[in-house]
Amino acid sequence: MNGGYDIRMPETSGANAVERARWATEARERALAESDEFGDMIIGDYVDTYVNLTYKLITSHRWASAFCQGKSDVFLFIDDDYVFNARSVLNYLNGLTKSDRRQLLSGQLMIWERVIRAIEDASENKWAVSRYEVPWPQYPPYASGAVTFVGADVLTELVVAEAYTRFLWVDDAFMGFVVAKLPHLRFHSLKDFNNWKALIVHINTSSSH
């Protein structure tokens, strides 16, 4: 993975990742204890690091598809350094028909983004991938991993397609390849998505993504 080169996260998340690695065992024990007490956590079988975000994405999709079908027409997948305006999100979703909600696949659309290659300065390699991982110069269209709306019917298809898509640690770009396997699906740009105050707000935290 990563083509054998180093990546360095210059933000506070990079420094915090090093610090938190020192108490990984304690964190795991505390998380398991909290899960046992409240039963409100989903814990995947992988190390929770920046380069494992795709595993977290797949786990979330599989869990929602397996245990939440029939309970919601659409799912909102959001990073922990973002918050959403519940009223605005509900207004957006209520403006769609039930069928449109179940077929929804939207977010901040990224169109044919350039594939980043590694350079000597490791601090610039946060999203770099090797030609072995991605031989093409551009990614297929995808939605930014920060916030994505996925309809229940679409989610079922994504879970199957993800199992047959070559793993890529850049999670949102990975989803672009997944959707490319399903020619009847495509990402849609969320109306007014860039108006963060209306729907989604980024908060300044030390989150890894």
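User: In what sense do strand 3 and strand 4 run, and how many bridges join them?

Analyst: In this predicted model, strand 3 covers residues 105-110 and strand 4 covers residues 142-151. Within this pairing, S106 stands opposite F149 of strand 4. The two strands run antiparallel, and the number of bridges joining them is 5.

User: Which residue in strand 5 does S106 stand opposite?

Analyst: Strand 3 also pairs with strand 5 (residues 188-189), in the parallel sense and over 2 bridges. The residue of strand 5 that stands opposite S106 is H188.

User: Is helix 3 parallel or oblique to helix 7?

Analyst: Helix 3 (residues 53-67) and helix 7 (residues 171-180) pack with their axes 8 Å apart, at an angle of about 55°. Angles under 35 degrees count as roughly parallel and those of 65 to 115 as roughly perpendicular. The angle therefore makes helix 3, relative to helix 7, oblique.

User: How do the residues of the contact of helix 3 with helix 7 divide?

Analyst: From helix 3, L53, T54, L57, I58 and H61 meet D171, F174 and M175 of helix 7. The residues of this contact divide into 5 nonpolar, 2 polar and 1 charged.

User: Is N85 buried, partly exposed or exposed?

Analyst: N85 lies in the loop between strand 2 (82-84) and helix 4 (86-94). Buried means under 20% relative accessible area, and exposed means over 50%. With a relative accessible area of 31%, N85 is therefore partly exposed.

Note on methods: Residues are numbered from 1 along each chain as its sequence is written. This is a predicted model: local features need pLDDT of at least 70, side-chain atom pairs count only at pLDDT 80 or more; totals for chains, interfaces and linings use all residues. Side-chain values use heavy atoms; hydrogens and water are left out. Two strands pair if DSSP finds at least two bridges between them. Helices (H or I, at least four residues) and strands (E, at least two) are DSSP runs, numbered from the N terminus. Axes are lines fitted to C-alpha atoms, for helices over the stretch in contact, and angles run from 0 to 180 degrees between N-to-C directions. Angles under 35 degrees count as roughly parallel, over 145 as roughly antiparallel, 65 to 115 as roughly perpendicular and the rest as oblique. Contact means heavy atoms within 4.5 Å. Ala, Val, Leu, Ile, Met, Phe, Trp, Tyr, Cys and Pro count as nonpolar, Asp, Glu, Lys and Arg as charged, and the others, Gly among them, as polar. Buried means under 20% relative accessible area, exposed over 50%, partly exposed in between (1.4 Å probe, protein chains only).
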